[in-house]
Amino acid sequence: MSKPTPPHSIAELMTRVDAIAGQTLGELAAQFHFKTPQDLNREKGWPGQLIEYVLGASAGSKPVPDFEFIGVELKTLPIGYNGKPLETTYVSVVPLTNLTGLRWQDSTVKKKLAHVLWLPILAERDIAPVDRTIGSGFLWQPNAVQEQQLQRDWEEQIELIALGRVDEISGKLGEVMQIRPKAANSKALTDAIGPQGKLIKTLPRGFYLKMQFTQGILAEQFVG
C-alpha cells in the first residue's frame, strides 16, 4: 500500500480516523507494511509514528501542527482499562534562550494545542504493543477556561527560565502543564539562560500536559 497523502479537509481526516477505530496497532502496521518493533523500550514513539503515517501527517519535526494544511495536531493517548490516561502528553520543546518578546499568542504550545485530534489507545502495560487497540478519535479545541490554564502555566514557567531559574522548575509546577527534561541521555545538553543572564548548559526540556488535564478532556468527550 502506498504512503497515504495528507488529508485535504477535516472531514477526510475523520473518515480515516473512523476507519482505524477498533483495530490493533499490529493489524494496522501489517495492513500498511509498517515496521513493527519487538518491544517499545527503544521504540517508545512507534505507536505515534504508525498513526501519523497511516493518517497522512506531514509536519515531521517542524514546529507546526502535524496536519499542517488543515491546522490539526495529532496526539495519541495511551489509556488503561479504566479509561484513564497512563502518562503525560508531550506537547513541544521548551525554548531556553532568546525569550525576549516571546508571547503566549505566538508560542508553539498555543499553535499545537489550538486544534487537536485525540486518539485514545488501550495500552495497559500487560498488552503487547502489537495487540493494543485504537479507540475512537475525536477533535478538541481548548475552551476559555482551559486556554487560561495553559497560558498561565506557560507564562509562569517561561518567566522562570527568562530569570535564569530553569533549574528550579520541576514537574510539580503548573496546574495543567508541566516542564520536564526531554533528552535521549544525560549527555545531550543545550544552552539555557543561567543566573546573572550568563549561558549555562542544561538538559533540553519539554512541555507536557498533566494526566488530570487529559483525563478531563476524555471525560468531556465520552461522559459528557
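Me: I am new here, and I would like to start with the pockets. What is the volume of the largest pocket?

Reply: Please keep in mind that the model is predicted. Its largest pocket has a volume of about 1200 Å³. The lining is made of 36 residues, and those closest to the pocket centre are Lys 44, Gly 45, Thr 76, Tyr 90 and Lys 182.

Me: How do I read the lining by class?

Reply: Sort the lining residues into nonpolar, polar and charged. Here there are 13 nonpolar, eleven polar and twelve charged residues in the lining of the largest pocket.

Me: Two of the residues closest to the centre were Tyr 90 and Lys 182. Where does the charged end of Lys 182 sit?

Reply: Look for a charge placed over a ring. The charged end of Lys 182 sits over the ring of Tyr 90, at 4.2 Å from the ring centre. You can find another such case at Tyr 208, where Arg 180 lies over the ring face, 3.9 Å from the centre.

Me: Now the aromatic rings. How many aromatic pairs does a search of the whole structure find?

Reply: The search finds six. To read a pair, check the distance between ring centres and the angle between planes; planes under 30 degrees apart count as stacked and over 60 as edge-to-face, with the rest tilted. Take Phe 34 and Tyr 53: their ring centres are 5.2 Å apart and their planes are at 50°, so this pair is tilted. The two residues are 19 apart in the chain, with Phe 34 in the loop between α2 (25–31) and α3, and Tyr 53 in helix α3. Elsewhere, ring pairs join Trp 118, Trp 140 and Phe 213 into a cluster.

Me: Is Phe 34 buried or exposed?

Reply: Buried means under 20% relative accessible area, and exposed means over 50%. Phe 34 has 17% relative accessibility, so this residue counts as buried. Thr 202, in strand β8 (residues 199–202), is also buried, because its relative accessibility is 7%. Thr 24 lies in the loop between α1 (10–20) and α2, and its relative accessible area of 15% makes this residue buried too.

Me: How far apart in space are Thr 202 and Ala 188?

Reply: Compare the separation along the chain with the one in space. Thr 202 and Ala 188 are 14 residues apart in sequence, and their C-alpha atoms are 8.4 Å apart. For Thr 24 and Leu 150, the separation is 126 residues along the chain and 33 Å between C-alpha atoms.

Me: What is the phi of His 33?

Reply: Its phi is near 50°, a positive value in a residue that is not glycine. His 33 lies in the loop between α2 and α3 and counts as exposed, because its relative accessibility is 65%. Asn 98 is a further non-glycine residue with a positive phi, of about 55°. You will find Asn 98 in the loop between β2 and α4, and at 72% relative accessibility it counts as exposed.

Me: Which residues does UniProt list for a domain?

Reply: An unreviewed UniProt entry lists residues 55–153 as "domain: DNA mismatch repair MutH/Type II restriction enzyme Sau3AI". In the model, that stretch is 17% helix and 24% strand, and its end C-alpha atoms are 31 Å apart.

Conventions:
Residues are numbered from 1 along each chain as its sequence is written. This is a predicted model: local features need pLDDT of at least 70, side-chain atom pairs count only at pLDDT 80 or more; totals for chains, interfaces and linings use all residues. Side-chain values use heavy atoms; hydrogens and water are left out. On a 1 Å grid over the protein atoms alone, a cavity is a set of points where a 1.4 Å probe fits but cannot get out, and a pocket is an open set with protein on both sides within 12 Å along at least five of seven lines; lining residues have an atom within 4 Å of a point. Grid points are joined across faces, edges and corners, and a volume is the space filled by probe spheres set on the points. Ala, Val, Leu, Ile, Met, Phe, Trp, Tyr, Cys and Pro count as nonpolar, Asp, Glu, Lys and Arg as charged, and the others, Gly among them, as polar. Rings of Phe, Tyr and Trp (its six-membered ring) pair if their centres lie within 6.5 Å; planes under 30 degrees apart count as stacked, over 60 as edge-to-face and the rest as tilted. Helices (H or I, at least four residues) and strands (E, at least two) are DSSP runs, numbered from the N terminus. Buried means under 20% relative accessible area, exposed over 50%, partly exposed in between (1.4 Å probe, protein chains only). A charge sits over a ring if NZ of Lys or CZ of Arg is within 6 Å of the ring centre and within 35 degrees of the ring normal. UniProt positions are given in the numbering used here, feature names are shortened, and annotations may be inferred rather than shown by experiment.
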